[in-house]
Amino acid sequence: MENAKVVCEEKMKKSIVALREEFNSIRTGRASASLFDKIKVDYYDQKTPLSQVASISIPEARLVVIQPWDRALIGEIEKAIQKSELSVNPTNDGKVIRIAIPPLTEERRKEYAKLAQKMAEQTRVAVRNIRRDGNEDLKKAQKDGDIGEDEVKKGEEEIQKLTDAYIKDINKVLEEKEKEIMEV
């Protein structure tokens, strides 16, 4: 029974981590190195994460500077950024790429807030599915004669408490992201 709770908690933790990572890909009005986490650059015919071929720095609130370790990559990096869904316009001086992060329009902020809500809801559904799986494992253990009815009830209550706590965490993470998106 204790095992079912531990397994559920591990999976729920992973769901929250995945949600935070997804939220990093949502642009806010501020520059952030994590915006470029999903960008891959053609490097010797290999799709390589941008962070492995260049340094990304944020010298100002709305400016990103990308310095490739190999200057020959500057064009490839620029192309990869333009193909991405970030809607930003990189400029280069032959040594570094500068990206001014434009402020988001009200309409775009609302779109991103809706996207964040959708991602959070998917994570809530995932957490509820984990709860269901945990409860099914408890019932299976009871059917196999490994645990009694009282232990099943106690296990279900503990898994429900976990579920409530993680749903609360998801809502908190969402609230923080919405606040970040909506700030001008």
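In the predicted model, the axes of helix H1 (residues 2–24) and helix H4 (residues 149–182) come within 10 Å and cross at roughly 10°. Since angles under 35 degrees count as roughly parallel, H1 and H4 are therefore roughly parallel to each other. On the side of H1, the residues that meet H4 include Cys 8, Met 12, Ile 16, Leu 19 and Phe 23, while those contributed by H4 include Ile 159, Leu 162, Tyr 166, Ile 170 and Val 173. By class, the contact of H1 with H4 comprises 12 nonpolar, one polar and nine charged residues.

The secondary structure of the protein consists of four helices and six strands, which follow one another from the N terminus in the order α-β-β-β-β-α-β-β-α-α. The radius of gyration of the protein is 22 Å, well over the 16 Å that the globule rule gives for 184 residues, so the protein is more spread out than a compact globule. Along the principal axes, the C-alpha trace spans about 70 × 40 × 25 Å. Of the 184 residues, 38% count as buried, and among contacts between residues at least 6 apart in sequence, 65% join residues at least 24 apart.

A search of the whole structure finds one aromatic pair. The ring centres of Tyr 43 and Tyr 44 lie 4.8 Å apart and the ring planes stand at 65°, so the pair is edge-to-face. Tyr 43, at 28% relative accessibility, counts as partly exposed, whereas Tyr 44, at 65% relative accessibility, counts as exposed.

Technical notes
Residues are numbered from 1 along each chain as its sequence is written. This is a predicted model: local features need pLDDT of at least 70, side-chain atom pairs count only at pLDDT 80 or more; totals for chains, interfaces and linings use all residues. Side-chain values use heavy atoms; hydrogens and water are left out. Axes are lines fitted to C-alpha atoms, for helices over the stretch in contact, and angles run from 0 to 180 degrees between N-to-C directions. Helices (H or I, at least four residues) and strands (E, at least two) are DSSP runs, numbered from the N terminus. Angles under 35 degrees count as roughly parallel, over 145 as roughly antiparallel, 65 to 115 as roughly perpendicular and the rest as oblique. Contact means heavy atoms within 4.5 Å. Ala, Val, Leu, Ile, Met, Phe, Trp, Tyr, Cys and Pro count as nonpolar, Asp, Glu, Lys and Arg as charged, and the others, Gly among them, as polar. Rings of Phe, Tyr and Trp (its six-membered ring) pair if their centres lie within 6.5 Å; planes under 30 degrees apart count as stacked, over 60 as edge-to-face and the rest as tilted. Buried means under 20% relative accessible area, exposed over 50%, partly exposed in between (1.4 Å probe, protein chains only). The radius of gyration is taken over C-alpha atoms; the globule rule is 2.2 Å times the number of residues to the power 0.38.
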